[in-house]
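Keep the sequence and the 3D view side by side. The text below walks through the structure one region at a time.

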Amino acid sequence: MSQFREAISQALPDPGGPVSTHKFTIAHARSLRQYENACSGFSPARRGAGSSEAVCPLSHRYKGETMPRVRPRALVAVAAALTLLVGSFTVTATPPASANTADCIENPYGTRDLYLRGGMNGWGTSADFKFTYECNRFELVFTATGSQQFKVADAGWTAGTNFGRPSGGAQPALGVAVPLANGGGNLTFAFAGTHLATVDVSQSSTAPTLRIDPYVVEPVTDPVALSVKFDSRDEAFKAPYGAINPGTEVTYSLDALAGVTAANLVVSRRTSVANQENIQYLDTERIPMSATSAADGHERWTATHTFDAINVYGYYFELTINGREYVYGNNDNVVYQTVEKGTFGVGAIKFAPKSEAKIQRYRQTVYSADFEVPEWAADSVIYYMFPDRFRNGDKSNDPAVGVDTTEGGPIELHTNWVENPFTPGTGGDSRWNNDFFGGDLAGVIEKLDYLEDLGVNTIYTTPIFEAGSNHKYDTGNYLSIDDNFGTNEQFEQLTAAAADRGIRVIIDASFNHSGADSVYFDRFGRYDSVGAFEGGSVHPESPYAGFYQFTGQSYSSWSGMPDLAESDDWKDFAFRNEDSVTDTWLNRGSSGWRMDVAPWVSPEFWREWRTNVKANDPDALTVAETWFDSSQFFLGDTFDTTMNYIFRDTALNFAKGGNAAQVYENIELMREAYPSQVFYALMNLTSTHDATRALHEFGYTSATSSPETIATAKQRQRLSVLFQMTFPGAPSVYYGDEVGVTGGADPQNRRTYPWADQGGNPDTELLGDFKELIALRNDHDVLRHGSISAPLYTDDNVIVLAREHEGELAVTAFNNSGAARDVTVALPAGYEHIVMSDALTGEIVAADDGQLTITVPAVFGSVLVSPPTITVMPSSKGSDGVYSKVFFKLYDAGKVDRFVLNGIEEDVADRTTVVVNNLGVGKFGGQLGSNELKVIDVAGNVTTLNFELVAK
């Protein structure tokens, strides 16, 4: 320590000498305590002239606070002193706003925020990677691991704020400032934890420098601060729970040791643009919290807030404890596909950051009180198909090489149905999405009996409108079925034939962009009518000119396809007119719409679109393509549901062996954030045409995978499907998953269904398992409509859930470990002595004083259901329990084997209602006076009900 003090003394300015104010960011928590001890040894006489600050270059005010006055040349000596103490460390000196005006400059990029965008955050723009401007530099403290590519850019990749590595320039190295170039290439750095990134614009705003240093965050150690508790899922801390309607008053409470001197509830309105870009919290309100004494030296801090309008809001808590400012906010859990961290529930306390943008907020969904989702959605089992790859039912309409084109170029046609799609440059030409197999609507119609037998009741198909590519998202004509798929009349035949089997059809479209090779745009001059950009030039006289936005001869695009403007011309065509795209296909039999890239279309557009959809058919389902926490789409004014990628990642990571308790936090976030009617209609995925198939995720990655690897992958798939089929929502089966199709990224996730008559080898054993699990869902109302709360139990490998519906209880348990697990759970009140049967094995399990012990099979699960419940519905009633006629409703009658009335046994078959009258005749005739009804389920459990009948 003496060496440290000596070095500091040599670095200090002479009393009364010239000084300049500097700001230090010190990046080693251990060092801070040593710095304070060292600085405490200086006498008060060692102060700068006219200054009340001790002349010590180190301060207990951590990170971003104004530090004592030090000559700039002193920094070298300070650094040397720190090296003596702690070895490797980081100190960054930055002149603050109070410095000499010659040192500081205005933010050269104005209102454009800079972000670190790269592989560590999906190239997104989350608050965790947003720079803060200080005097003449941008600073960012962030956490990342592994070698990552990245750039420094604003949210829109705007020219002038899109920085990368100069041509031939050096890659970043720890502690070394490297130049950046506008429009430069990707930067690469091997990250290892928490870092400080500094973009210095003091010398140049067009060619700034980037420096990356290690950084250690100061830990919270104050015992009062550490005692603060809040849990958004516990009504003792936040009531009511979950999503709410406007006008609802919410009570928030914190618990802490005495010592908090002030606390505020901070509430802001959340906005988000496109794919979670430019998330902002606006119109902030601070509500003071009041304290009351609690037990054991604790205090309870409480505030209320009434949310008046539909929106997603953010909230957190500010606290003052022992003179320091803290925030209690959302936890640090990663949410799949979502920029903002935190899964709600128990949060975390941290020192108040300089920028509120760094605070991880809880979120509150406020949705319209009249928000209704079609009831049938909760009963859906969706079959998700990519039409070109499902079934070729009519070879006469196959794409023709040399005749058909895509984006002005040639197409390829596979002659072998079971070969893999061409990855550009491997087996085909160098172009994407131009190889076809010939699947069509005739093939879907041909296989409707197969789908009915599988147990699905809804078909979702990717786009089927006229388009050049195999995926059809480059729409050429919104009002015509692609001629390689069939005709408009065949679509109506499909929806009618499907309806005869109790199957609905949902179709897909993009209202964000059209194809360049479309009747509307006509980039390649193929159509008789005049396109907006026919032949490669703007045609303002085109009837479709208003569909697009042009700047000179340029137009905006999405993945190379021209953006559709949100103009009156486009809205009239898309949904306002009586013969609009939206109404035309609803009138032709579609039961709803799945809308592509929904976040890139404005909420204002979707609000008006939804109004028109529901005016045509209130029972039509509106599905958004979103990948992240989609609360902003579930306010009752845009969509009913979404493709649930958060569920997908949860189910797959659990089935792969991930920590069960941790991955399930993502489910808990949705349960809290989404309105219940949405939660029960979510399109719960495991595979999609945009993501790798489940079996590939589970290790079955190629034809050379070992039999053991494939068997393990299929067992993990069974586990994920069991979870999917017994969970609230609309489970989705991606075509071919049920027979063992695997595949990695696009295009291999779009392989064909391996029909045996086309040379394929479908896994019929796996198909049987899918049928059994789908039937399990269809047979039990409680698995589709049952309530769900926090898990009864989770650990590293096991999840146990309880579901209740109309007097029936289901307990579902899942185990991702390689060994069976015995777990004991406490059942909800009222089921202390219930006898349950395993719906998969028939095994009987009985509760003991409210405790239920379950043996959960390895890499699978158990589904325990209670015996049928008898509900008495009297026709007329005398004294209590005395009837002239009694109706008995046998819930979940599929489990009822037979009933016995006054000793006479009857086979219940599919009967769900039994009527007992007082006539004394017929099989179901009761008798005057006492009667006894016994119901025996398929597991042999007996439920008895005694009642009396009197003369009418």
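This is a predicted model. By a sulfur-to-sulfur cut-off of 2.5 Å, the count comes to one disulfide. Cys-104 and Cys-135 form that bond, with their sulfur atoms 1.9 Å apart. The pair links distant parts of the chain, 31 residues apart. Cys-104 sits in the loop between strand E2 (91–94) and strand E3 (115–118). Cys-135 sits in the loop between strand E4 (132–134) and strand E5 (137–153). The torsion about the S-S bond is about -105°, so the disulfide is left-handed.

Are these two cysteines buried or exposed? The cut-off for buried is under 20% relative accessible area. Cys-104 has 17% relative accessibility, so Cys-104 counts as buried. Cys-135 has a relative accessible area of 8%, so Cys-135 is buried too.

Now turn to the barrel. Eight strands make a closed barrel, in the order E21-E26-E29-E34-E35-E36-E37-E38. Their pairing is parallel. One of the pairings joins strand E35 (residues 621–624) to strand E36 (residues 641–644). These two strands pair in the parallel sense over two bridges. Which residue in E36 is the bridge partner of Val-623? That partner is Thr-641.

Strand E38 (residues 730–734) holds Tyr-734. E38 also closes the list of barrel strands as written above. Tyr-734 has 0% relative accessibility, so Tyr-734 counts as buried. What does Tyr-734 contact, leaving aside neighbours within four places in sequence? The contacts are Tyr-384, Phe-386, Ser-687, Thr-688, His-689, Arg-693, Asn-749 and Arg-750. One of these, Asn-749, lies 15 residues from Tyr-734 along the chain. The C-alpha atoms of Tyr-734 and Asn-749 are separated by 10.0 Å.

Next comes a pair of helices. Two packed helices are described by the angle between their axes and the distance between the axes. Take helix H15 (residues 707–725) and helix H16 (residues 764–779). Their axes come within 9 Å and cross at roughly 15°. Angles under 35 degrees count as roughly parallel, and H15 and H16 are therefore roughly parallel to each other. H15 passes H16 in a right-handed crossing.

Which residues meet where H15 and H16 touch? H15 brings Lys-714, Gln-717, Arg-718, Val-721, Leu-722, Gln-724 and Met-725. H16 answers with Glu-765, Leu-766, Asp-769, Phe-770, Leu-773, Ile-774, Leu-776 and Arg-777.

Thr-709 is also found in H15. At 29% relative accessibility, Thr-709 counts as partly exposed. Not counting residues up to four places away in sequence, Thr-709 touches Gly-699 and Tyr-700. Thr-709 and Phe-698 are eleven residues apart in sequence. In space, C-alpha to C-alpha, Thr-709 and Phe-698 are 8.7 Å apart.

Finish with three further strands. Strand E50 (residues 896–901) and strand E53 (residues 929–937) run antiparallel, joined by five bridges. Leu-901 has Leu-933 in E53 as its bridge partner. E53 also pairs with strand E54 (residues 942–949), in the antiparallel sense, over eight bridges. Gly-929 has Leu-949 in E54 as its bridge partner.

How many residues lie between E53 and E54 in their hairpin? There are four. Gly-940 is in the turn and has a positive phi of about 90°.

Definitions and conventions: Residues are numbered from 1 along each chain as its sequence is written. This is a predicted model: local features need pLDDT of at least 70, side-chain atom pairs count only at pLDDT 80 or more; totals for chains, interfaces and linings use all residues. Side-chain values use heavy atoms; hydrogens and water are left out. Two strands pair if DSSP finds at least two bridges between them. Buried means under 20% relative accessible area, exposed over 50%, partly exposed in between (1.4 Å probe, protein chains only). Axes are lines fitted to C-alpha atoms, for helices over the stretch in contact, and angles run from 0 to 180 degrees between N-to-C directions. Angles under 35 degrees count as roughly parallel, over 145 as roughly antiparallel, 65 to 115 as roughly perpendicular and the rest as oblique. A crossing is left-handed if the near helix is turned anticlockwise from the far one by less than a right angle, and right-handed if clockwise. Contact means heavy atoms within 4.5 Å.
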